[in-house]
Amino acid sequence: MNFQIPIGPQHPALKEPIGLRITVDGEIIREADLRLGYNHRGIEKLAESKTWIQNIYLMERICGICSHSHTTCYVQGVEKLMEIQAPKRGLYIRTLVAELERIHSHLLWLGVAGHEAGFDSFFMYVWRDREIVMDILEIISGNRVHYAINTIGGVRRDLDELQVKNILDSLSVLRKRSEYYLNLGTTEPSFVARLAGVGYLSKEDALALCAVGPTLRASGVPMDVRKDDPYAVYDEVPFEVCTADTGDVLGRTVVRIKELFQSYNIIEYLLKNLPTGPIAVRAPRRPKSNEVVSRYEAPRGENIHYIKSNGTEKPERLKVRAPTLGNYAATIKMLKNGFIADVPLIFAAIDPCICCAERAVAIVDARTGQEKIVSTSSLKQLKQNVSPNKERKREVVWPL
Amino acid sequence: MNDQILIEKAKEGLKEKILNIANPAPRRIFLKVAVDNLLETISWLKNEQGFTHLSTISGVDLGPSFEILYHFANNFCSFTIRTEIPRDNPSLPSICQLIPGAILYERELQDMLGLNVQNIPDPRPLLLPDDWPAGNYPLRKDWKFERPAEVIPGGKK
Amino acid sequence: MATVRTLVYLFIYPGLLFIFIYSTFCEWYDRKLYARLQNRMGPTHTGRGGILQPIADFFKLMSKEDIVPERADKGMFSALPAFGLAIVSTAMLLIPVWNYQLSQPSLISFNGDLIVLLYLLTLPTFIFFLAGWSSTNLFSTIGATRVLTMLFGYEVPLFLAVLSPAILANSWRLAEIAAFYRQRPWLMLVNLLGFVIALISVQAKLERTPFDIPHAETEIVGGTFTEYSGKKLALFRLMLDVELVVASALLATVFLGGFPGGFWLGLLNFIIKTLVVIFILSLIRATTSRIRVDQVVSFSWRYLAPLAVLQLLIVILVKGLIS
């Protein structure tokens, strides 16, 4: 017997709204379909009516978890358009925040993966230690989520000696804890039984479906924008691209935990070699008419902005491709022929950060399994049709 | 320089199909082709140069025409193929045969710019709701958003 | 006098009132322990250390709106929670909470009460299945089928593991089994393997991590309980709490020597031993992640069932040795 299960737009497994329809045969998934747009905010259109400076803060609000990724990607593109070069110290601080953000995002993901697999103790422990990195970010920028540290031509806040010392101290704690999680996450039998072999994505499929980030690297493709197309100061920082060959959720977990250690190394290098000097240069109000492709390795994968200027104070076109969108096609592939029980894990394994989704409501008839998508207005109509004779509370009186 | 080698190879492999090729920054190459040569160019890029990763497809409304940019990447370079299609006949071929991962970006183009992607495997709307009025394409420059007046049930008329 | 005694037995101790208070206490104990193991605080607000939180939750749910889905089988949907609570409460009465006269079997302690108790513990599983099935919600339906699939996995090992001590004690009566092991404490060691198997199976029966598959929230929302709300959900939650107490009391009786020592000492024994069993169950819950339903079945038949048979063999051998 085939039937369809709606996962989302509202579902406990999803931290953000997205519409996923899976057709199952018993416990096995036969088909999966994706509907985006539930949460579509029209940021690309909005960006065309904002100035270059205002857009930094707009880009920051594309996503909470990777807010620094989008601003950095945007800002370094605009810097190229304006033909200015951010000073070394500014770039170091920018990279530092980027790596701290990667740590916080990967720790968050690790906890969520534990929760999706029903391993709540793991989730609680990881998130407790994630507070450490959140505190570091607060020391640097004053904020826990939207750091607002980037500006065109550099960064907005400087670091002092005491802060550097504090960060290095907290980092050693974090490193010790991560070793414990690496051990736990890859040896706890019931956890590994849930992760190993789940959501398999072969190397060929990963390449053909244009997967990005840890999803791609876990299928054995060493692609990392930080290495391939070094931006900021990544060309002077020593680090390795972490890959795994298993192509399953366990591989993605291992890649992310390995990246945590790389990030610790990078941060230590950055803090020990922090150059002196200014943190920002003055930027002109408007760039020349030009275009630029800016790439950035966000925690979830390659983030790409295409920016086109027309010589005014506002961009002509600002195209944002968040890494999650690049991974959706691969997710559909991974879901097929899996178990229902693995849906949250597979979906979580790409670390979805949903900045684009849908505005329709699907009604599934429980008896026939038929489904129709309706708009909110007809839903209200439907509500009145279902119980036309029921007494309704009188219309609320507007208090003012 | 890697970019130079790639440009030389492009000139050899594509010859007169190249309308324009530019290298404005290190590791960035912009190649302009006519829309009829798009599929051949992409298959050349994928099969002979090994650019398997399509980062995204951007569409720009230039007024009388639309500009479509295919951003490819490999471990050394970001390669952008651009093409222009006229506004009164906005249709372009689907590249899903070559790059299966392009499907979401092409559906997004259809939704947002109203382009007609031919031979697309799955033409349903992706981002906009099913009851979105036809002929409204948010990313076209002539489309203006008007916020509907907020009505509070039982509120002041 | 006998009537009063029976009424007290049914309604106060160890009847409904005691069951309610003790099972909510056990829920608090389990929650608090689970929270502390996870580096959280757990309930803190209601009562000292949050000890009254489960009771507060119960009354809060009782006062909430009760929704019955339009397409549900209404009679069945509404009756099941009450049935379930009645069944597990009945099972509780069969536990030899204080000293029974071993010489004279009565209505609540008779030869074969072990079997009745085990079957009364099987019924809640069917209650969950029917509850999920009659909700006609997709998630409930999947939850219901998962309940049944899991039942095939853990039921046989549980029965084998619990019955083998009875074979050694040569009795089907709980009070007699407990008395047998109290007289020969070293024989309890023979059943150690069975105790471990029974603990795992009970964990599966109670649908707690790693076997919380039928109501895995990240996969199928609320599972069997997706459509339940208000009073019915409150009764179901109370039922799960009582089932936890009954199951741990059963294990304590069969494997840990029962609850000797008259009224007060017996009660003390009961509390300590059930809390020890619940402690182990909470520990399992905190240190594992949820496994898949197919993994449950293969795990049970690949490891638990053969080990249970091995336990049975050991028991038969030991029985031959000591007689």
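Student: Which residue is the bridge partner of A:Ser294 in S7(A)?

Tutor: In this predicted model, A:Ser294 has A:His305 of S7(A) as its bridge partner.

Student: Why are S6 and S8 of chain A called edge strands?

Tutor: The open sheet has three strands in the order S6-S7-S8 (chain A), paired antiparallel. S6 and S8 of chain A each pair on one side only. From one strand to the next, the twist averages 15°. Helix H3 (residues 67–82) of chain A lies across S6, S7 and S8 of chain A, at about 150° to S6(A).

Student: How do you know that strand S6 (residues 290–298) of chain A is largely enclosed by the rest of the structure?

Tutor: Eight of the nine residues of S6 of chain A are buried, so the strand is largely enclosed.

Student: Why is the contact between A:Glu302 and A:Arg321 called a salt bridge?

Tutor: The criterion is a side-chain nitrogen of Lys or Arg within 4 Å of a carboxyl oxygen of Asp or Glu. For A:Glu302 and A:Arg321 the N to O value is 3.2 Å, so the pair qualifies. The pair links distant parts of the chain, 19 residues apart, with A:Glu302 in strand S7 (residues 301–309) of chain A and A:Arg321 in strand S8 (residues 315–321) of chain A.

Student: Are A:Glu302 and A:Arg321 buried or exposed?

Tutor: Buried means under 20% relative accessible area. A:Glu302 has 3% and A:Arg321 has 0%, so both are buried.

Student: What makes A:Arg128 partly exposed, and how is A:Asp129 classed?

Tutor: The partly exposed class lies between the buried limit of 20% and the exposed limit of 50%. A:Arg128, at 31%, therefore counts as partly exposed, whereas A:Asp129, at 5%, is buried. These two residues form a salt bridge, with their closest N and O atoms 3.4 Å apart.

Student: What makes C:Glu155 and C:Lys205 a salt bridge, and which parts of chain C does the pair tie together?

Tutor: Their closest N and O atoms are 3.3 Å apart, which lies within 4 Å, so the term applies. C:Glu155 lies in helix H6 (residues 138–169) of chain C and C:Lys205 in helix H8 (residues 192–205) of chain C, so parts 50 residues apart in sequence are tied together. C:Glu155 counts as buried at 11%, and C:Lys205 counts as buried at 3%.

Student: How many salt bridges does the structure hold over all chains, and which residues are linked in a network?

Tutor: The structure holds 44 salt bridges over all chains. A network links A:Glu99, A:Arg102, A:Arg217, A:Asp224, A:Arg226, A:Glu259 and A:Glu297.

Student: Why is H2(C) described as roughly perpendicular to H10(C)?

Tutor: The axes of helix H2 (residues 16–37) of chain C and helix H10 (residues 230–256) of chain C cross at roughly 85° and come within 9 Å. Angles of 65 to 115 degrees count as roughly perpendicular, so the description holds for H2(C) and H10(C). Among the residues that meet are C:Ile19 and C:Phe20 in H2(C), and C:Leu238 and C:Val242 in H10(C).

Student: What makes A:Thr331 buried, and what is its relative accessible area?

Tutor: A:Thr331 has a relative accessible area of 1%; the limit is under 20%, so the residue is buried. A:Thr331 is found in helix H12 (residues 323–335) of chain A. Not counting residues up to four places away in sequence, A:Thr331 touches A:Phe347 and A:Ile350.

Student: Which residues have the most contacts inside the largest nonpolar core?

Tutor: They are B:Leu54, B:Tyr70, B:Phe72 and B:Ile81, in a core of 135 residues. Helix H4 (residues 88–116) of chain A supplies the largest share of this core, 12 residues. Apart from it lies another core of 82 residues, including C:Phe58 and C:Phe180.

Student: How do you know that chain B and chain C do not touch?

Tutor: Contact requires heavy atoms within 4.5 Å. Chain B and chain C do not touch, and their nearest C-alpha atoms are 24 Å apart. Two pairs of chains do touch, and the most contacts are between chains A and B.

Key
Residues are numbered from 1 along each chain as its sequence is written. Chains are lettered from A and ligands numbered from 1 in the order in which they are written. This is a predicted model: local features need pLDDT of at least 70, side-chain atom pairs count only at pLDDT 80 or more; totals for chains, interfaces and linings use all residues. Side-chain values use heavy atoms; hydrogens and water are left out. A nonpolar core is a set of buried Ala, Val, Leu, Ile, Met, Phe, Trp, Tyr and Cys residues joined through side-chain atoms within 4.5 Å. Buried means under 20% relative accessible area, exposed over 50%, partly exposed in between (1.4 Å probe, protein chains only). Helices (H or I, at least four residues) and strands (E, at least two) are DSSP runs, numbered from the N terminus. Axes are lines fitted to C-alpha atoms, for helices over the stretch in contact, and angles run from 0 to 180 degrees between N-to-C directions. Angles under 35 degrees count as roughly parallel, over 145 as roughly antiparallel, 65 to 115 as roughly perpendicular and the rest as oblique. Two strands pair if DSSP finds at least two bridges between them.
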